[in-house]
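I set out to record what I looked up in this structure, entry by entry.

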Amino acid sequence: MGVSVTIIVLIISLHLLAFVFAIGAERRRSEAKVVPDEYDERTFCVYTTDASTVYGVAAFSLLLLSQTVLNAVTRCLCCGKGLISGCSTTCAVIFFILSWTGFLAAEACLLAGSARNAYHTKYRGNFVTHDLSCATLRKGVFAAGAALTLFSMLASILYYWAHAKADTGFWEKHQNEGIGLATHNHGPESDKP
């Protein structure tokens, strides 16, 4: 298997779209303010838009799609044909681990941020206090997911490149092997004049 530019462009574009959505989710995080009730002396929290949750789920989905494409092409390193031993295989294994680590960490940040943001935007409570504190998603959760998305993209591209380099050795190693019928003697028939 050689390096396919189409696969590289697809992986990079999906990761970059996930990055853009993660940054959008960070910028559109829900904010809350305490609003007094007009009919009695209660106060309650009013949260802003829920767009951050949608952006976070979109980034989560795009990153998942990119990792699925990468592992389908490389057959998840362990299910495909054997790789040649050497530096390329070692690099492929290292970048495979880094790719999965970055992917899982980014997915955790995006999913946790989306869930936490959705919970707070749906929350509405009545309290008999005037100094009500409205909890919101901590700043930087989606930004961490965006940074880990870029790390995952770099590790995924390097993994794909190292895997493709190690995988091409399979064909080169066995291309000169053949049946060799023309070079064998077949017993008594070769003794005839």
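This is a predicted model: local features need pLDDT of at least 70, side-chain atom pairs count only at pLDDT 80 or more; totals for chains, interfaces and linings use all residues.

**Entry 1: Thr-48.** I located Thr-48 in the loop that joins strand 2 (43-47) to helix 2. I then looked up its distance to Ser-30, which is 18 residues away along the chain. The C-alpha atoms of Thr-48 and Ser-30 are 5.2 Å apart.

**Entry 2: the chain as a whole.** I counted four helices and three strands in the protein chain. Along the sequence I read their order as α-β-β-α-α-β-α. Of the 193 residues, 34% are buried. I also looked at contacts between residues at least 6 apart in sequence, and 84% of them join residues at least 24 apart.

Entry 3: Helix 1 has 23 residues, and I found a span of 33 Å from its first C-alpha to its last, close to the expected 33 Å. Helix 2 has 24 residues and spans 35 Å, close to the expected 34 Å. Just after helix 2, I noted that Arg-75 has a positive phi of about 55°. In helix 1, I listed the buried residues, among them Ile-7, Ile-8, Ile-11, Leu-14, Ala-18 and Ala-22. Glu-26 is also on that list of buried residues.

**Entry 4: the packing of the pair.** Two packed helices are described by the angle between their axes and the distance between the axes, and I looked up both values. The axes of helix 1 (residues 5-27) and helix 2 (residues 51-74) come within 8 Å and cross at roughly 160°. Helix 1 and helix 2 are therefore roughly antiparallel, since an angle over 145 degrees falls in that class. The crossing of helix 1 past helix 2 is left-handed. On the helix 1 side, I found that the contact includes Ile-7, Leu-10, Leu-14, His-15, Phe-21 and Ala-25. On the helix 2 side, it includes Tyr-55, Ala-59, Leu-62, Leu-63, Ser-66 and Val-73. By type, the residues of this contact comprise 18 nonpolar, five polar and no charged.

**Entry 5: His-15.** I then asked which residues His-15 touches beyond four places in sequence. They are Leu-63, Ser-66, Thr-149, Ser-152, Met-153 and Ser-156. For the pair His-15 and Ser-66, 51 residues apart in sequence, I recorded a C-alpha to C-alpha distance of 6.7 Å.

**Entry 6: Tyr-55.** Tyr-55 is partly exposed, at 27% relative accessibility. Leaving aside residues up to four places away in sequence, I found that Tyr-55 touches Phe-21, Gly-24, Ala-25 and Arg-28. I also looked up Ile-23, which is 32 residues from Tyr-55 along the chain. The C-alpha atoms of Tyr-55 and Ile-23 are separated by 8.6 Å.

Technical notes: Residues are numbered from 1 along each chain as its sequence is written. Side-chain values use heavy atoms; hydrogens and water are left out. Axes are lines fitted to C-alpha atoms, for helices over the stretch in contact, and angles run from 0 to 180 degrees between N-to-C directions. Helices (H or I, at least four residues) and strands (E, at least two) are DSSP runs, numbered from the N terminus. Angles under 35 degrees count as roughly parallel, over 145 as roughly antiparallel, 65 to 115 as roughly perpendicular and the rest as oblique. A crossing is left-handed if the near helix is turned anticlockwise from the far one by less than a right angle, and right-handed if clockwise. Contact means heavy atoms within 4.5 Å. Ala, Val, Leu, Ile, Met, Phe, Trp, Tyr, Cys and Pro count as nonpolar, Asp, Glu, Lys and Arg as charged, and the others, Gly among them, as polar. The expected span of a helix is 1.5 Å times one less than its number of residues. Buried means under 20% relative accessible area, exposed over 50%, partly exposed in between (1.4 Å probe, protein chains only).
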